[in-house]
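Please give a short report on the links and contacts in this structure. Keep it plain for someone who has not seen it before.

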Amino acid sequence: FSSAPGQSSLAACQPTPLGYFAFEASTAAVACPAGTHGNTTGLTDFNCGGLCEAGHFCPLASTSPKMRPCRNGTYNLNAGGASELACIPCQPGTVAPDNGTITCQKCNASYAPNSGLSKCDACEAGAYCGEGATV
């Protein structure tokens, strides 16, 4: 792209910065849309470098396919998450112990009473907790 008006030579153009793209003969770089990333310079297409990876989300002008990981206790199974709203809290009985998770794990011999947890709680002494227990 070239921000200088009246340029007719490709030599006057400069590559777009990370997180941006520009159509050929454009006078301005445009931020990569939320849900995509621009991890290289010189992008010329609104798809930028591709979709954000599952387990993550990419706000406007992201520069990595793993720009922002979903917090522990949440997951995102699909590529192209545009905001933290793409990260879904784990259901009771399941947890996501790490950031950037694509699925929740069932509690085994322990329990998770609420949604959005990052670890299972130990069962009380003498109690039995089946897989995916919520109490």
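A disulfide here is a pair of cysteine sulfur atoms within 2.5 Å. In general terms, a disulfide is a covalent bond between the sulfur atoms of two cysteines. This is a predicted model, in which local features need pLDDT of at least 70, side-chain atom pairs count only at pLDDT 80 or more, and totals for chains, interfaces and linings use all residues. Residues are numbered from 1 along each chain as its sequence is written, and side-chain values use heavy atoms, leaving out hydrogens and water.

**Disulfides**

The whole structure holds six disulfides. How are they arranged along the protein chain? With bonded cysteines counted along the chain, the pattern is 1-2, 3-4, 5-6, 7-8, 9-10, 11-12.

| Pair | Sulfur distance | S-S torsion | Hand |
|---|---|---|---|
| Cys32 and Cys48 | 2.1 Å | about -105 degrees | left-handed |
| Cys52 and Cys58 | 2.5 Å | 75 degrees | right-handed |
| Cys107 and Cys120 | 2.1 Å | -90 degrees | left-handed |

Strands are DSSP runs (E, at least two residues), numbered from the N terminus. Cys32 and Cys48 form another disulfide. Both of these cysteines lie in the loop between β2 and β3, 16 residues apart.

Cys32 and Cys48 are both buried. Cys52 and Cys58 are buried too.

**Around Ser110**

Ser110 sits in strand β9 (residues 110-111). Its relative accessibility is 10%, so Ser110 counts as buried. Which residues does Ser110 touch? Contact means heavy atoms within 4.5 Å. Leaving aside residues up to four places away in sequence, Ser110 touches Cys120, Asp121, Ala122, Cys123, Cys129, Gly130 and Ala133. Cys120 is also the disulfide partner of Cys107.

**Salt bridges**

Side chains of opposite charge can pair when their charged atoms come close. A salt bridge is a side-chain nitrogen of Lys or Arg within 4 Å of a carboxyl oxygen of Asp or Glu. The structure has two. One joins Lys66 and Glu53, at 3.9 Å from N to O. Lys66 is in the loop between β3 (56-57) and β4 (68-69), and Glu53 is in the loop between β2 (30-31) and β3, so the bridge ties together parts 13 residues apart in sequence. Lys66 is partly exposed at 46%, as is Glu53 at 34%.

Another salt bridge joins Glu84 and Arg71, with the closest N and O atoms 2.7 Å apart. Glu84 is in the loop between β5 (74-75) and β6 (88-89), and Arg71 is in the loop between β4 and β5, so this pair also ties together parts 13 residues apart in sequence. Glu84 is partly exposed at 38%, and Arg71 is partly exposed at 49%.

**The aromatic pair**

Rings of Phe, Tyr and Trp (its six-membered ring) pair if their centres lie within 6.5 Å; planes under 30 degrees apart count as stacked, over 60 as edge-to-face and the rest as tilted. The whole structure has one aromatic pair. Phe21 and Phe23 form it edge-to-face, 5.3 Å centre to centre, with 85 degrees between the planes. Phe21 is buried at 4%, whereas Phe23 is partly exposed at 47%.

Terms used: Helices (H or I, at least four residues) and strands (E, at least two) are DSSP runs, numbered from the N terminus. Buried means under 20% relative accessible area, exposed over 50%, partly exposed in between (1.4 Å probe, protein chains only).
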